[in-house]
Each structure stands twice: as C-alpha cells, then as structure tokens.
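Try each task before reading its solution.

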Amino acid sequence: MLPFVKKIPISEPTLLGNEEKYVLDCLRSNWISSLGKYTQNFEKAFASFCGVKHAIAVVNGTAALHVALLALGVGKGDEIIVPTLTYVATANAVTYCDARLVFADCEFDTWNIDVGQIESLITQRTKGIIAVHLFGHPVDMDPLLEIAKKHKLFVLEDAAEAHGAVYKGRKVGTMGDAATFSFYGNKIITTGEGGMVTTNSDVLAERIRLLKGQGVDPQRQYWHPVIGYNYRMTNIQAAIGLAQLERVEELIERHRYNARLYSESLKELPSVVLPVEKDWASHVYWVYGILLKNFYQSRNQVMEYLAKRGIETRPFFYPVHLMPPYHRKISLPVAETISAQGIILPSSANFLKDTIHRVCQELINLLQRRSSLVQPKE
Ligand SMILES: *Cc1c(COP(=O)(O)O)cnc(C)c1O
C-alpha cells in the first residue's frame, strides 16, 4: 500500500444509536441469554418493519434458511431450485436438509434468478424455489410466484442482503411462504451474528419456533417431540438489532445515496456496467457492484491496483455450481460471466461523499489509462 493513504474498508457497521445503551441494559439487568425483552421487542419491531405477521429471531442467516426449509417440510429426495449466483449459505442450508440443489442461471441486468428459466427446471421431485434478492435488488416475484402456484411449490425468499427492499409496493420478506434475513456484521443492519425468519403463516411460525429451540414442547418442560436445534439469538444480539432497526431507514437511505454517487461518477466509463434498479423496484444497495466488461482477464489486477491504494474491494460470489462440493458439469453462462467480471466497491452506510469520490477517481484513472491499451471486445 502507498504510504499516507487512509484505508477504505469494504464495509463496516455503524453503531451510533442506542446499541451501547441497550447492551448495557442487558448486562446490568443480568439478561444475557436468549430470554429477555430485547429478543421479543426486536422480533415485534422487525415484523412490523416488514409488514408481516411473524418474525422469529435466530443465530444467523444460514440457520434461518435451515429452519425455514425444515419447517417447509424439505427433506431427502426433494429438489430445490436456487440461483447459482448467491452466497454459498443458500446452497448449504438446502444440503443440511438432505435435499438436492437445482441451479438456475441469472439475468444480465438485475443479476437475480432468471425467472424465465425456472419452469424448465421443474420435475416431479421439485418442492420449492429460493428467491435470493441479490445485493439488495428484489427478484421479479410476480411471475415467480405464479409458477410456484401453478406447480404447487413453496417460495422461500433469501432476503439476507435486502432488508427494506421493495417490489411493486411490497417489502421483501412478505411475498414468499417464508423469508430469511441475516444480521452479519456487513449486512444492512447487524447484530454481529444473527438472523430472522419472517412468515404470515401461523403454522410455519410455530414450527420454526419449535425447531430453533431444541424442539421442546411449549407445554411440557424437557419434553422433545421432535429433533430440534439450538438456533436461539441472545438478548444482547437482539439489543443491538433493535437499536439498528431504529435507524434502518436512515441506513438504507445512505446506501442508496452512496449508490447514486457511484453511478453518477462512473456512468461515462464505457467499460463499466453499472447496477440497475428496475422501475418496479426499490434497491437497497447492500453492496455496490459493477461489471468490468472489457477486462475479463484482469478483474483481479484492478482489485490489486485499488488495494495498493488502500481501497478494499471484493470479487462477486462464485457461481455455486462451480465449487467443489456442488460441482456440476453444466454451463450457466450468464452467472459465470457476471461472476468473473464483477467487483464490489466499498459500500458502507457511514461513508462520506469524499470516500466515494476517491474510489471513483482511482477507478477512472486506471480504466481510462487501460482502455487505451486494451482492445475492447464486445
Ligand atoms: C449473508 C448471507 C446469508 C447467510 O447469513 P449468515 O448470517 O452469514 O449466516 C445467506 N444468504 C445470503 C444471500 C447472504 O448474503
């Protein structure tokens, strides 16, 4: 790294509200396990934020997916359709249930699951579809829900990256049979580690509560009619979550503002593909990702160049079907291309305008210099 430049991290949490006060309250009142008022208050507040009947707090977003899938009855022999371009947790949770993954390609513009391909992947064994709202842009849910209804499949929304995103006036987390969220340190709101399942179904909510709490009978202590898990969120985590939730609208607005600054600055660069926001969507820009179109082989060099200047970036997720445990001899060309070309720029709610401008300036300097050297290939 060059001397004297301040490092720009890929992302960091902003804990500037009541987080400290509520955590201290847990410590001073001795309520530090999963019992306590913050867990309940966080669940209630999150349900009301989404506009959904039930919200059930769990230890992390992966556990949320796991218990949601179990509650939806997923087991051995079932096939679950998932986008290959997602964080690996989506696939892992399906595997924990002994079910089989069926990978779908994604769209060129939103980078979300290509809904038009889903029907061709449905078999006798298909049980459900996981709609991942990638990077904070909602999936085109109406056609997806229609396909699910026609074929009697469940829909689980993986909204880990999309707290507060809106599809045609409806918040994510309210459209599927159930939805899951993550509160990992870099997500839109955080509890350090944490997750939530939302659903409008009383039956699913009850099953999820049973499964996340060791399967204990709510009427009979130490009686376990099913095999459950210990996936409970602590009161301390929920205290942080509640304080974060009080500021969620501001945090989302800041992510959206950062995205506007990035798009404004980078829109002239011919070799860069910017993220889109469909007119039916409100994108929360959990991260700001771009594609480097004409730098297919050198995406990593661009990342190294920025790293030397103190700017942390990330590649896009690898398509899950290319990774060793899930390797399939199939080609999902859109996801493969997007993954190879994609780079995530620093995306924190607490960034100042100058931070974004510095990132853009470095990128513009490099790409304009490069484009005179590299012959663009369409
Ligand atoms: C972060 C994330 C998860 C997993 O959440 P954890 O809280 O890290 O377990 C699941 N799916 C997607 C799409 C994610 O981005």
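The exercises below concern a predicted model.

**Exercise 1.** Classify the packing of helix α3 (residues 61-71) against helix α7 (residues 202-212), and describe their contact.

*Solution.* 
1. Take the geometry. The two helices pack at an angle of about 125°, and their axes are 9 Å apart.
2. Apply the cut-offs. Perpendicular ends at 115 degrees and antiparallel starts over 145, the rest being oblique. α3 and α7 are therefore oblique to each other.
3. The crossing of α3 past α7 is right-handed.
4. List the residues. From α3 come V67, A68, L70 and A71; they meet L204, R207, I208, L211 and K212 of α7.
5. Sort the contact by class: seven nonpolar residues, two charged and no polar.

**Exercise 2.** Find the buried residues of helix α4 (residues 88-96) and what they pack against.

*Solution.* 
1. Buried here are A89, T90, A91, A93 and V94.
2. Their partners are α3 and the strands β2 (79-83), β3 (100-104), β4 (126-132) and β5 (154-158).
3. Look just past the helix end. D98 has a positive phi of about 70°.

**Exercise 3.** Classify two of the aromatic pairs and locate their rings.

*Solution.* 
1. Count first: there are 17 aromatic pairs.
2. Y22 and Y38 sit 5.3 Å centre to centre with 35° between the planes, a tilted pair.
3. Y22 is in helix α1 and Y38 in helix α2, so this pair ties together parts 16 residues apart in sequence. Both Y22 and Y38 are buried.
4. F46 and F183 have ring centres 5.5 Å apart and planes at 80°, so they are edge-to-face.
5. F46 belongs to helix α2 and F183 to the loop between β8 and β9, so the parts tied together are 137 residues apart in sequence. F46 and F183 are both buried.

Technical notes:
Residues are numbered from 1 along each chain as its sequence is written. This is a predicted model: local features need pLDDT of at least 70, side-chain atom pairs count only at pLDDT 80 or more; totals for chains, interfaces and linings use all residues. Side-chain values use heavy atoms; hydrogens and water are left out. Axes are lines fitted to C-alpha atoms, for helices over the stretch in contact, and angles run from 0 to 180 degrees between N-to-C directions. Helices (H or I, at least four residues) and strands (E, at least two) are DSSP runs, numbered from the N terminus. Angles under 35 degrees count as roughly parallel, over 145 as roughly antiparallel, 65 to 115 as roughly perpendicular and the rest as oblique. A crossing is left-handed if the near helix is turned anticlockwise from the far one by less than a right angle, and right-handed if clockwise. Contact means heavy atoms within 4.5 Å. Ala, Val, Leu, Ile, Met, Phe, Trp, Tyr, Cys and Pro count as nonpolar, Asp, Glu, Lys and Arg as charged, and the others, Gly among them, as polar. Buried means under 20% relative accessible area, exposed over 50%, partly exposed in between (1.4 Å probe, protein chains only). Rings of Phe, Tyr and Trp (its six-membered ring) pair if their centres lie within 6.5 Å; planes under 30 degrees apart count as stacked, over 60 as edge-to-face and the rest as tilted.
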